[in-house]
Amino acid sequence: MAIDLTEETITAAVQGTFAGATDARLRELFVSLVQHLHDFARETRLTSEEWFTAVDFLERVGHLSSPTRQEFVLLSDILGLSVLVDRINHAHSSATESTLLGPFYTEGRPRAENGADISGGVTGMPLFFSGAVVDTEGRPVADAHVDTWHSDGEGFYDVQQADRLNGETAMRALLTTDADGRFWFRSIVPRYYPVPTDGPCGEIIHAAGRSPVRPGHIHFRLHANDYESLVTMLFRDDDPYLERDAVFGVKSSLVAEFLQHGAGETAPDGTEMSEPFQTVEWTFALAPDRR
Ligand SMILES: [Fe+2]
């Protein structure tokens, strides 16, 4: 270990300490991370005060993070890193395009039968979603697990209204495709929403004068044996914020038609509806697992 390190010599000295790492990928990642972090500090002439502010910021992001408040995920999202990593790893595929997971995914979602109402009693315009899961040749994928979650018509997820819902989950479920690769459920129509700005990430958004708003969407996470997992979302085609997503996740291939129907029309499940409702149909294509 060298002593009397300078601005010029410290980077190589730190990188050298990873030479003994038996995991070559870990070594590669840390050597590069040290290079870029040090270059960042040198380029910006980072002050001690700024460094303390950054450490305090990251501490506060960590303290706020929990299974239902993923502030670190949000930080990655608003800096565009989540979408960048997604693009690096899913650049060329004939499968349905992926996009970021977002901060509102939770493990504690209930299983639901096809056709179930997953709104959890949250009121809003009824939505009937009819989905299919196929491979890249168009063949149905049976027994695929489909996680879905979305906001309500005011733009809030269940985890943001835990008091009102007594901690119960709503507008999220784990479904399974049938023998024809189909899944379907009833819920309510989601709306655009601001990402949470009451935490450290909000300070960045406000300081930059950025919009915190995401266009309305429904999240999906699909798993099936022998296929690559898919994390994606479908955006409302009529959303005013489609071109201005706060976390850079919109893709034109993921914009879905939310078809409007009037009162008195029959829903896909045969219910004669006494109020207006919307329907969405979508087919998700999964890529074969290359591992
Ligand atoms: Fe979302």
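**Exercise 1. Determine which residues of H4 and H6 meet, and how the two helices are oriented.**

Solution. Begin with the contacts: Glu71, Leu74, Leu75 and Ile78 in H4 meet Pro200, Cys201, Ile204 and Ile205 in H6, where a contact requires C-beta atoms, placed from the backbone, to lie within 7 Å. Helices (H or I, at least four residues) and strands (E, at least two) are DSSP runs numbered from the N terminus. By class, this contact has 7 nonpolar residues, no polar ones and 1 charged, with Ala, Val, Leu, Ile, Met, Phe, Trp, Tyr, Cys and Pro counted as nonpolar, Asp, Glu, Lys and Arg as charged, and the others, Gly among them, as polar. Next take the geometry: the axes of H4 and helix H6 (residues 200-208) are 9 Å apart and pack at an angle of about 25°, the axes being lines fitted to C-alpha atoms over the stretch in contact, with angles from 0 to 180 degrees between N-to-C directions. H4 is therefore roughly parallel to H6, since angles under 35 degrees count as roughly parallel, over 145 as roughly antiparallel, 65 to 115 as roughly perpendicular and the rest as oblique.

The model is a predicted one, in which local features need pLDDT of at least 70 and side-chain atom pairs count only at pLDDT 80 or more, whereas totals for chains, interfaces and linings use all residues. Residues are numbered from 1 along each chain as its sequence is written.

**Exercise 2. Describe how H3 packs against H4.**

Solution. The axes of helix H3 (residues 48-64) and helix H4 (residues 71-78) come within 7 Å and cross at roughly 130°, which means that H3 is oblique to H4. Val61, Gly62 and Leu64 in H3 meet Glu71, Phe72 and Leu75 in H4, and this contact comprises 4 nonpolar, 1 polar and 1 charged residues.
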